[in-house]
Amino acid sequence: MDSSVALGRLELARPLMTRGSCLPEGAQSAHLNGCVPLSHQVAGHKYGVDKVGILQHPDGTVLKQLQPPPRGPREMQFYSMVYAEDHCDPCLVDLQAHLPKYYGTWSSPDAPTDLYLKLEDVTRRFQKPCIMDVKIGQKSYDPFASQDKREQQIRKYPLMEEIGFLVLGMRVYKVGSDSFDTYDQHYGRGLVKDTIKEGLSKFFYNDDILRKDAITASILKVQKILQWFEGQSRFNFYASSLLFVYEGVCVPSLVSQSLRESPIAPEACEQNNNIDQSLSTMYSLHKKGCGRSHYQAKQDNGIWSSSQQPNGNRGLARLEEDRKESKSETGQETVSDVEVKMIDFAHVFPSDVPDQGYIYGLKNLLKVLHQILEE
């Protein structure tokens, strides 16, 4: 998965050596301008192992290294469009609630041409974050993928079309040992129709109890995402994921609060028939050849404009506003017991029909979650 991000997929990282790096820790930190590799990434490209990866910025945000074109520019274009400050498109405004916050792009002074997406770390507020990355949809390749790419993705998980989702990685807190169990992509690919319920339930079992409060809260959030998809016909998402995070430390007040939540009333996402110019840009991105250099593509696409604040100066101000808003009247930061965010948008394309593949995956995921809850 181009997984990302989320972009907040992990707990606040600790300084550590990147596997395969020949730099001493001090020199590496200096080169990265104080940023360190994410230490608890459950899926996706990892810094120091792959060509691109995810870092933790000292201010607590997550830095997702921009992938080579057309994937990287396409993902940045999508975030920029959804979080544009001058638009009032109800569909995109509603979508923001389901994405990590976006704070523009960032680059190190030592390597100004290496750009990163600056994103909210949705795990940062949690004491013992349990994290799961689930790819959603019936196809993990986009319409412009080569035949070889399509066959490669199908071989990785032949059941994707039938099941509609794939567990890419999990990290589960075990209360008895005060440790985490981790499951990688090979675990997820080993789950079949008869074992998917049991396999998914491991994410909510802490060796003591099944965290039905976390399951309930997750269902409610996935339902909201499903409502957005059923009300929009502007985008189709491929190889995109949901990032699940819940607090591993059981807090009675949070448990009872999530169980008391009422069912969500469906709300249609208002359509905007005036397709934004950004959509045309997204259409053309897949045509940009990967044969050209990364930096030439940046110039040709014209999307690294000064208005986007490549080093995230505008984003820092927004980040501070967000932190102030997250504080309660007593001055303490409030902690949500569960987060479910959409991540990985390198394969999002404009459309004029509902995204039936993603909708199928969400419905099937909800079905399995309900089965786990009722058992």
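Two strands are taken to pair if DSSP finds at least two bridges between them, and the helices (H or I, at least four residues) and strands (E, at least two) are DSSP runs numbered from the N terminus. In these terms Val 134 has Leu 242 in strand 10 as its bridge partner. The model is a predicted one, in which local features need pLDDT of at least 70 and side-chain atom pairs count only at pLDDT 80 or more, while totals for chains, interfaces and linings use all residues. Residues are numbered from 1 along each chain as its sequence is written, and side-chain values use heavy atoms, with hydrogens and water left out.

- An open sheet is formed by 5 strands in the order 1-2-3-5-4, with antiparallel pairing.
- Strand 1 (36-37) and strand 4 (102-108) stand at the edges of this sheet and each has a single partner strand, so one side of each is left without a neighbour in the sheet.
- Strand 1 is joined to strand 2 (residues 54-56) by 2 bridges in the antiparallel sense, and Val 36 has Gln 56 as its bridge partner in strand 2.
- Strands 2 and 3 run antiparallel and are joined by 3 bridges, with Leu 63 of strand 3 as the bridge partner of Leu 55.
- These two strands form a hairpin with 5 residues between them, and Gly 60 in the turn has a positive phi of about 95°.
- Strand 3 (residues 62-65) is covered on both faces, since Val 62 and Lys 64 on one side and Leu 63 and Gln 65 on the other are all buried, where buried means under 20% relative accessible area, exposed over 50% and partly exposed in between (1.4 Å probe, protein chains only).
- Strand 3 also pairs with strand 5 (residues 111-119) in the antiparallel sense over 4 bridges, and here the bridge partner of Leu 63 is Lys 118.

- Strand 6 pairs with strand 10 (residues 240-247) in the antiparallel sense over 8 bridges.
- Strand 6 also pairs antiparallel with strand 7 (residues 165-174) over 6 bridges, and Lys 135 stands opposite Leu 166 of strand 7.

- Leaving aside neighbours within four places in sequence, Met 342 is in contact (heavy atoms within 4.5 Å) with residues including Leu 95, Ile 225, Phe 229, Phe 237, Leu 242 and Tyr 358.
- Tyr 358 is among the buried residues of helix 13, as are Leu 362, Leu 365, Leu 369 and Ile 372.

- The C-alpha atoms of Asp 207 and Val 172 are separated by 9.8 Å, although the two residues are 35 residues apart along the chain.
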